Amino acid sequence: DLLSDDVRGNDPLYADGQTLSAYTFNASSETVGEVWRGLYRGIQRTNFVLDNLERLKPSDLTKRIEAESKFLRALYYFDLVINYGGVPLQTKSFSTESQGKERATPAQVWAQIEADLKAVEGVLPDTYSADNLGRATKWSAKALLGKSYLFQKKNTEAAAKLKEIVDYARANPAKIGLMADYGDNFVEVNGKGEYVEFNKESLFEVSFAGQDRTGGTGNWGEDGNGIGEGTFRGVEYGIAAFQNTSPSLALVSAYPDNDPRKRIVMFGPGDMWNDNKAIVPYPRTDWQHRKYSNKTPGASGDDFSNFQGSSINMRVIRYADVLLMYAEALNQQGTTFSADAAAAVNEVRARVKLAPITATTGAQLFQSIISERRLELSFEQCRRKDIVRWGIARNELGNKFVVGKHELLPVPQGERDLNG
């Protein structure tokens, strides 16, 4: 989010985060290296599972575990190719004795992502029982495959794949669909006392557990400790914690006054908030982060006093995102007006009781999609990816964004040194 125009860094923000916000980072920046290492750590683990599955007698369980592992590997490589471009492709577990690999081309990385997802979309189950929630489903794989096509500008393939999800959702609204309450996507338990994680809108999410439940903790840039792990999102974004970041003034002004998502995404003047489980007036005159916050009135979550252990899950792919990607694929970046595309955008808007869009041309529809993605998916790590792939990052971020340089992060200096 720091690399987008939706967030501004505050004075408490750590030095490396300030370089991200200012686009003065380089190959030696700490976060540039942490993201790379974290993604390859995940790839190594999926490869380790896949390599050792070969030693077991095939069964329905081993086939499902293989499919889950390939989905996760595809997800990690998706983040790598989006952030770094071509990267070394590792499809077998490696050790300190393994020889290094040259960078693959972006096309080769995308091909691996597509191969993994195509191999698993027909193997993964539709749903899981309560004790297995959080595992990837066939809809997780289809959504990520459709997203991968879209990011490569394979619009026809993207539209076809995402339509599979849209058609299923419209025929089975109790299984996949938009939650009636937009805010239910960003809390653990809503104001009605309902547990709303792993809901029908979430096609894949990352599970977190608070410290008071598991004895586990989070850990910046590394694995947490114990059997459970909390998220530090509340520390980075939280008004009651470090408050390293705040919503940008551009994002605040982007929300129309009649858009109820604004006060679900952000706290602002006139709001109420949960101060250690007591509902009190919001004590500030500016706008601050609310999405994924335990401070939402009526919502619950771990560790009001120990803000480092938030247990609110992070949604990675929501059905609202699928609808907007489907609309974009049909629109083909402004070249085509499609009634089906407009209907998908309007479905997202109708959930929050906003009027249908008025676009009548392909170009107008594309601008509606750009706007709707920003307002629907703010602070969900989508905006920077979107404005880069649309080619509008310089317009939105200003002169700090250098075209031809800042579309990608640099390969970490430590990796360069090891490969030298």
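User: Which residue in β8 is the bridge partner of F204?
Analyst: Happy to start there, in a predicted model where local features need pLDDT of at least 70, side-chain atom pairs count only at pLDDT 80 or more, and totals for chains, interfaces and linings use all residues. Strands β2 (residues 202-206) and β8 (residues 314-318) run antiparallel and are joined by four bridges, where pairing takes at least two DSSP bridges between two strands. Across from F204, the partner in β8 is I317.

User: How many helices and strands does the chain have?
Analyst: Residues are numbered from 1 along each chain as its sequence is written, and side-chain values use heavy atoms, with hydrogens and water left out. The elements are DSSP runs numbered from the N terminus: helices are H or I with at least four residues, strands are E with at least two. For this chain, the secondary structure comes to 16 helices and eight strands.

User: How many of the five residues of β2 are buried?
Analyst: Here a residue is buried under 20% relative accessible area, exposed over 50% and partly exposed in between, using a 1.4 Å probe and protein chains only. Across the chain, buried residues make up 55% of the 420 residues. Strand β2 is mostly covered, and its number of buried residues is four.

User: Within what arc do the buried residues of α1 fall?
Analyst: Helix α1 spans residues 15-22, and its buried residues are D16, G17, L20 and S21. Looking down the axis of α1, they line one face of the helix, because their arc, taken from the directions between the helix axis and the C-beta atoms, is within 140°.

User: Which elements do those buried residues of α1 pack against?
Analyst: Contact here means heavy atoms within 4.5 Å. A strand and a helix take part in this packing, namely β1 (7-9) and α2 (30-53).

User: How far apart in space are D79 and K385, C-alpha to C-alpha?
Analyst: D79 sits in helix α3 (residues 60-84). Leaving aside residues up to four places away in sequence, D79 touches L39 and K385. The D79 and K385 pair is 306 residues apart in sequence, yet the C-alpha to C-alpha distance is 9.9 Å.

User: Why does D79 count as partly exposed?
Analyst: D79 belongs to α3 (residues 60-84). D79 counts as partly exposed because its relative accessibility is 23%.

User: Which residue takes a positive phi just after α1?
Analyst: The helix itself covers residues 15-22. Just after α1, a positive phi of about 60° is taken by Y23.

User: Where is K153 found?
Analyst: K153 has a phi near 65°, a positive value in a residue other than glycine. With 48% relative accessibility, K153 counts as partly exposed. Its place is the loop between α5 (138-151) and α6 (155-171).

User: Is K353 buried or exposed?
Analyst: K353 lies in the loop between α12 (339-351) and α13 (362-377). Although K353 is not a glycine, its phi is positive, at about 60°. Its relative accessible area is 75%, so K353 is exposed.
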